[in-house]
Amino acid sequence: MKARSLILLLLLLLVLLNARCTSSVPYREEEVEEEEEEEREWRRRERGGDEREWRRTERGGGAGRGEADDFFLLHDSKHVFRTDAGEMTVVRSFRGRIVERPMHIGFITMEAQTLFVPQYLDSNLILFVRRGEAIIGAIHKDGLVERRLKIGDIFGVPAGSAFYLANIGEGQRLHIITSIETSESLGLRTFQSFFIGGGSYPTSVLTGFEPETLATAFNVSIDEVTELLTRQKEGPIIYINDDTRKPPSFWSKFLQLKEQDRLQHLKKMVEFHGESKDEENEEEEKEAWSWWKFLSSIFPRDDRRDGRRREGRRDDRKWRTGKGPDSYNLYDRRPDFRNNYGWSVALDESDYEPLKYSGVGVYLVNLTAGSMMAPHVNPRATEYGIVLGGSGTIQIGYPNGSSAMNANVKEGDVFLVPRYFPFCQISSRSGPLEFFGFTTSARRIRPQFLVGRNSVLQTLLGPELAAAFGVSNETTIRQFLDAQREAVILPSASAAPPYDSAKKQQQQQEEERAKQEGIEKVTEDLWQ
């Protein structure tokens, strides 16, 4: 009898194990199929590149000016959520062997006097303030770090680190661009939020526990727990000031309390470990105290202080709490390169330590009207770019020398450049082009320029290079390369968009010519 029961138990375990394995296979197969399909797509485009270029040239359209191929422009955009107080949109990167460490780009918009409720994510974030000012609070080690952010600031939030974001500006909308680095992601979706504060929408992670458990942990009644965890219905971004059209929100009522009452109430919310003073509970009590400081920090306090100020920033000591990373302002940094045609800034882990933990680099480029970032290669990382202002063209080449992309871009567009692929950015003649972005490496990147005074061609100049281009005389290739006296950012009026005006002029000339020919023919017929 015992032997029979044991056999049945083993059979049951085998069935369960097989069911689990079977259920896990489709996701992986679907992911592999998606990657293979994307790789087949870019291979197909690469093979067709030469034919496309030949056809465009035959039609007189130039190198892709007639019909821009935008394969590396990211169009897969989705709303994560939208409330009356703000919204978040994510532009998702495609996967595939040519894209190492896929990274998504998030756009957060918050109205004045709003709060992005406390949460933690399964992905690393590097926040960049595009417009407005914000207060960010995040857990660093065992304490709270709170900083005031302004335009141009970046701030890193590691995966699993709780944080909140507040727009305290009067009548000022906040725009934030963030990288969503997925190396530590659960893989369930683009990214996963775990909301600490919440109610029926969003749902707090606390609701995953039984009411009796929470009542015991908080040392309150079950009714009080139920009331607290069902009141918030306004979404992940909420107003923190009263709106006369609506009943006072949860956060507004807190603000109306006296400071001591607010702190005491919040302390009850997060002290899960009771009043025990046992030595074995010392670490837990320390952690609970940190959570209390974290949540209570969303309300003004008079005892905030910090002795240090980052160079180039205004006095924001009122909103600087705790020892931890500061923000870093890209506009306050001296450009790594500047000439008459633009400037560029690149930030790596040696400049801003939090980048080391996320493995992400940051850059900012401003090109004057009609100028060009010289064709170059990133030998270390894939680049993601977001157009902050202006318009222009992004050109990317395939390894076989055909055109991978020649697309017009404008403000808000997101593009991707795979590692090793040659590319350049060209500003429109109608105004400057500014773009910001992330790289998939936090180490210092030394781009290899293919054109200009500092190009690899200049470094390799010699009989070997002349022979590679089929030129017998080294002087000929030297004269060819020396014709460009600028480096990194070049003047390029003839290559810069817009192309439409030239096309329109050509079309008008052809119409005038046809019209004139028609008149001449009619006149000739009349005289005959």
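Accessible areas are computed here by the Shrake-Rupley method with a 1.4 Å probe, and for residues only the protein chains shown count as cover. On that basis the chain has an accessible surface of about 28,900 Å², of which carbon and sulfur atoms hold 51%. The structure is a predicted model, in which local features need pLDDT of at least 70, side-chain atom pairs count only at pLDDT 80 or more, and totals for chains, interfaces and linings use all residues. Residues are numbered from 1 along each chain as its sequence is written, and side-chain values use heavy atoms, with hydrogens and water left out.

**Overall composition**

- The chain contains 11 helices and 25 strands; these are DSSP runs numbered from the N terminus, helices being H or I with at least four residues and strands E with at least two.
- Buried residues make up 46% of the 528 in the chain, where buried means under 20% relative accessible area, exposed over 50%, and partly exposed in between (1.4 Å probe, protein chains only).
- Among contacts (heavy atoms within 4.5 Å) with a separation of 6 or more, 72% join residues 24 or more positions apart.

**The seven-stranded sheet**

- An open sheet is formed by 7 strands in the order S1-S2-S3-S10-S5-S8-S13, with antiparallel pairing; two strands pair if DSSP finds at least two bridges between them.
- Its edges are strand S1 (77-82) and strand S13 (328-329), each of which pairs on one side only.
- Within this order, strand S5 (residues 124-131) and strand S8 (residues 153-157) are antiparallel over 4 bridges, and Leu 125 stands opposite Val 157 in S8.

- S17 runs antiparallel to S22 and is joined to it by 3 bridges; Met 373 stands opposite Gln 425.
- Strand S19 (residues 391-397) also pairs with S22 in the antiparallel sense, over 5 bridges, and Gly 392 has Ser 427 as its bridge partner.

**The second largest pocket**

- A pocket is an open set of points on a 1 Å grid over the protein atoms alone, where a 1.4 Å probe fits, with protein on both sides within 12 Å along at least five of seven lines; lining residues have an atom within 4 Å of a point.
- The second largest pocket has a volume of about 730 Å³, and of its 32 lining residues the closest to the centre are Asp 336, Ser 344, Ala 346, Ile 445 and Pro 447.
- The volume is the space filled by probe spheres set on the grid points, which are joined across faces, edges and corners.
- Strands S15 (342-347), S16 (361-367), S17 (371-377), S22 (423-427) and S23 (433-439) each supply at least two lining residues, and S16 gives the most, with 5.
- The lining comprises 15 nonpolar, 9 polar and 8 charged residues; Ala, Val, Leu, Ile, Met, Phe, Trp, Tyr, Cys and Pro count as nonpolar, Asp, Glu, Lys and Arg as charged, and the others, Gly among them, as polar.

**Backbone geometry in loops**

- The peptide bond from Tyr 201 to Pro 202 is cis, with omega near -5°; Pro 202 is in the loop between strand S11 (193-195) and helix H2 (211-218).
- Tyr 420, although not a glycine, has a positive phi of about 80°, and this residue is exposed, with a relative accessible area of 53%.
- Val 488, also not a glycine, has a positive phi of about 65° but counts as buried at 8% relative accessibility.
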